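This briefing is meant for a reader who is meeting protein structure for the first time. Please look over the sequence and the model below, and then follow the topics one by one.

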Amino acid sequence: MKKYKPQEIEGKWQSFWEKKGYFNVTEDKTKKKYYLLEMFPYPSGKIHMGHVRNYAIGDVVARYKRMKGFNVLHPMGWDAFGMPAENAAIENNTHPAKWTYNNINYMRAQLKRMGFSYDWERELATCRSEYYRWEQLIFLKMFKKDLAYRKKTYVNWCDLCQTVLANEQVVDGCCWRHLDQEVTLKEMDSWFLKTTEYAKELLEYCDKLPGWPGKVLTMQRNWIGESHGAIIRFPMVDSDHVIEVFTTRQDTIFGATFLCFAPEHPFVRELIKGVPKEKEVEEFVERTLKIDTFMRTADFTVKEGVFTGRYCLNPVTDERMPIYVANFVLYEYGTGAIMAVPTHDQRDFEFAKKYGLPLRIVIKPRDKELTEDEMTEAYVDEGVLVNSGPFDGMPNMKALDSIADYLESKGRGYKTVNYRLKDWGISRQRYWGAPIPIIYCPKCGVVPVPEDQLPVLLPLDLDLKEGGGSPLPFEVSFYETKCPNCGEVAKRETDTMDTFVESSWYFDRFASPRYESGPFDKGKVAYWLPVDQYIGGIEHAILHLLYSRFYTKVLREMGYLKTDEPFTNLLTQGMVCKETFKCMEHGYLFPEEVREGRCILCGKEVEIGSSVKMSKSTRNVIDPQKLIDRYGADTVRMFCLFASPPERDLEWSGEGVEGAWRFLNRVWRLVDENREAMSNIKPYDGILPLPSDLKDIHRKTHQTIKKVTEDIEDRFHFNTAISAIMELFNKVNQFFNNGKEISEIAWSIIKEAVDTMVILLHPVVPHITEELWRTLGYDNSLAIVSWPTYKEEALEKESRLVVIQVNGKVRSRIEVPVSLNEKEIQDQALGDKRVQHFIGDKEIKKVIIVQKKLVSVVV
């Protein structure tokens, strides 16, 4: 018998598929297209089990759809720019480009070793100039449409590194590289994309994405955050400036007694200029902005602020209101300033009590009186307006529109819709990214790089500055240029783009990755877009998906695309987790690193039973390559697909991998041991009548086709699909083990079942099934074999199980022919010996038959 050796057969079939070009596609209007895409990886060095699971899920669907006759686009590329490459360059004393390209080569080989059916001719890497030149062109077109603009913003700054830090690089207020170096906030000019221009459409189209998980759409809606309310205008005292505040509670305007700015609000600096409290406010701002946004606004955080020394006027009472800067106000919400109504907002109440600010009740309950002196907390329920001028006596929620209209009539406000979504800041003061194509001329100001001068190349012969700082601002050969308008000496922008920009349109470029006359070949994107199925982690449910949706709408309006949304269907797969032990000194440990409840590295006791996501940061990783070397790619694929439904977390299990390995070996042996008989016989053609045992196998074969098709097509429940195939295998195996002589008709039934089993397994384990397909006597590839269809008549049973109850208790079960009518079923049920025993001499009062499946006897 030939032994199953995956290391020998898998490489052979991968070379065969590549040579035949089965997975390389072009546009074919005679076929229905299917564009399947997994979120492309960052080339971090090695693929991990999260990658394997994600791509195995996609590969099953891609192979299945091809077998169903679709023209399937299944590309792969690399999200190759970004901070991790810079960090690795520092750690490994190498250049980010060298590190990135080496990793791409290594990971490409790993993905090919898994047998994923990618169209490698479409491979792209976002760090290549042939990709980012078009990204720069799209930016310029946004700039010309006023969708890209520059403004000042605050960034985290490390003086030692001389660089900007992302929020995740700030650890307890210090630089992650130098934990004794305090991070400061620095005001810098940054580039923004006007995502707010599409906020309404982005929100509305959440209702037009039925193929997306509900939880993801909820996250999108919450992030966009539509609020209906009013802009209220507060004139400043001793100034012509008017402060605008957004609120959803204009019904409380008569109770507003002070106003608060967010510490990061740009107007704060102008507000305090020259006033006695200027230094005190500056110190408060600097101290507050070192605190995480979540902590600043958390309910348990003490509400703090500082008086600016300035006042504004309440627009309906004309009373002076002190202006504060407060820690709980965020610039991202509304206008970055709030009107404070301490009697009807708990945060405002706590703040007012702390700083001795006035309270005025403007809403009271219908059944009792409220007084400011007796209040111990804010009254936040509905009620009737009081102390509200012409609106006294009105239910407060019904007065919202009336008060907004009143403000508008006085020129002090108007109704509006506010969105939580803010414009997207894309400037990164880093080296390893796509240069922003802008020139600064002392004479002409901000000047876009002419389109015929693209790409603005990122120089690859520069090294990072000490601490990881970008060399671009210090490299004269990069930043010094001529103004394209006046010809004078000018300076290039030295910031690079946020890496989310690259991943916001890569799926469009896959349609025509070698096109050199523009970002896209319009005919090809019209054929392939939108992506029919997108697969990736739930961690990208907000920003990546939102930015991709934004880019799609912008590119549509530029005339590049005809689609409104990028992804028709979305699957967010769960994490790969592992039951681990935890050592206080060495972190997460595998079971083999623990002996008798102690860490083998240090001897300390370990905690038991925590299940955590596999990640490099916790050392809690399984190297897929080791598994592939030991078991083969098919076993690894099968485990990932069988252990859990794709949307749920997958709990890592060494026993599960062994189980998948054993099953594939059993399938191999079944085919190999009977290869002579099965390779010389045709599958059952449905003409000759069958005895009952062969009918059972024939029926099971077609039930399995139906089950597996529905599980893949409708639910992506590969685990239950594999389970159904295992049941068919067991059915066939039982027939072989019954000791009977196998007739020619029996061999044809077995051949039908085994052929079907191999075909259905092919999307899951493509290498072993290709080999078994040859063993079964076929010379074509399963990559181009059609998916089987089930026969309705084969699913029909000749008998059915009937459950019999006596006075509501199950007393017996009988098999009856499906052809029996209800009277005949009743007679058989009453004639059953067990039923007769429970009836005895009692009088039968009623017999109820339910759908010919249940007989209920009442005695």
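Valine 183 lies in the loop that joins strand 8 (174-175) to strand 9 (184-193), where helices (H or I, at least four residues) and strands (E, at least two) are DSSP runs, numbered from the N terminus. This is a predicted model, in which local features need pLDDT of at least 70 and side-chain atom pairs count only at pLDDT 80 or more, while totals for chains, interfaces and linings use all residues. Residues are numbered from 1 along each chain as its sequence is written, and side-chain values use heavy atoms, with hydrogens and water left out.

*Around valine 183*

- Valine 183 is buried, with a relative accessible area of 4%; buried means under 20% relative accessible area, exposed over 50%, and partly exposed in between (1.4 Å probe, protein chains only).
- If its neighbours within four places in sequence are set aside, valine 183 is in contact with Asn156, Trp157, Leu165, Val170, Gly173, Cys174, Cys175 and Lys290, contact meaning heavy atoms within 4.5 Å.
- From valine 183 to glycine 518 there are 335 residues in sequence and 42 Å in space, C-alpha to C-alpha.

*The chain as a whole*

- The secondary structure of the protein chain comes to 28 helices and 37 strands, and its C-alpha atoms fill a box of roughly 105 × 80 × 65 Å, taken along the principal axes.
- Of the 859 residues in the protein chain, 54% are buried.
- Among the contacts in the protein chain with a separation of 6 or more, 71% are between residues 24 or more positions apart.

- Three strands form an open sheet in the order 11-10-18, with antiparallel pairing; two strands pair if DSSP finds at least two bridges between them.
- The edge strands are strand 11 (242-247) and strand 18 (413-419), each of which pairs on one side only.
- From one strand to the next, the twist averages 35°, where axes are lines fitted to C-alpha atoms (for helices over the stretch in contact) and angles run from 0 to 180 degrees between N-to-C directions.
- Helix 12 (residues 400-409) packs on the sheet and touches strand 10 and strand 18, and its direction makes about 120° with that of strand 18.
- Strand 10 (residues 226-235) pairs with strand 11 in the antiparallel sense over six bridges, and arginine 233 stands opposite glutamate 244 in strand 11.

*Strand 14 and its partners*

- Six of the seven residues of strand 14 are buried, so this strand is largely enclosed by the rest of the structure.
- Strand 12 (residues 258-261) pairs with strand 14 in the parallel sense over three bridges, and the bridge partner of phenylalanine 261 in strand 14 is valine 325.
- Strand 13 pairs with strand 14 in the antiparallel sense over six bridges, with phenylalanine 307 opposite tyrosine 324 in strand 14.
- Strand 13 and strand 14 form a hairpin with six residues between them, and aspartate 318 in the turn has a positive phi of about 60°.

*Helices and their packing*

- The buried residues of helix 9 (residues 278-288) are Val281, Phe284, Val285 and Thr288.
- Seen down the axis of helix 9, its buried residues fall within an arc of 100° (the arc of the directions from the helix axis to the C-beta atoms), so they line one face of the helix.
- The cover over the buried residues of helix 9 includes helix 8 (267-272), helix 10 (293-297), strand 13 (305-313) and strand 14 (320-326).
- Helix 3 (residues 83-92) and helix 4 (residues 96-113) pack at an angle of about 105°, with their axes 8 Å apart.
- That makes helix 3 roughly perpendicular to helix 4, since angles under 35 degrees count as roughly parallel, over 145 as roughly antiparallel, 65 to 115 as roughly perpendicular and the rest as oblique.
- Pro84, Ala85, Glu86, Ala88, Ala89 and Asn92 in helix 3 meet Pro96, Trp99 and Thr100 in helix 4.

*Two buried serines*

- Serine 427 is placed in strand 20 (residues 427-428) and is buried, with a relative accessible area of 7%.
- The side chain of serine 427 reaches the backbone nitrogen of tryptophan 191 at 2.6 Å.
- Serine 548 belongs to helix 17 (residues 543-557) and is buried, with a relative accessible area of 0%.
- Not counting residues up to four places away in sequence, serine 548 touches Ser503, Ser504, Phe507, Pro566 and Phe567.

Terms used:
A polar contact is a pair of N or O atoms within 3.5 Å; within protein, one must be able to donate a hydrogen and the other to accept it, and residues adjacent in sequence count only if both atoms are side-chain atoms.
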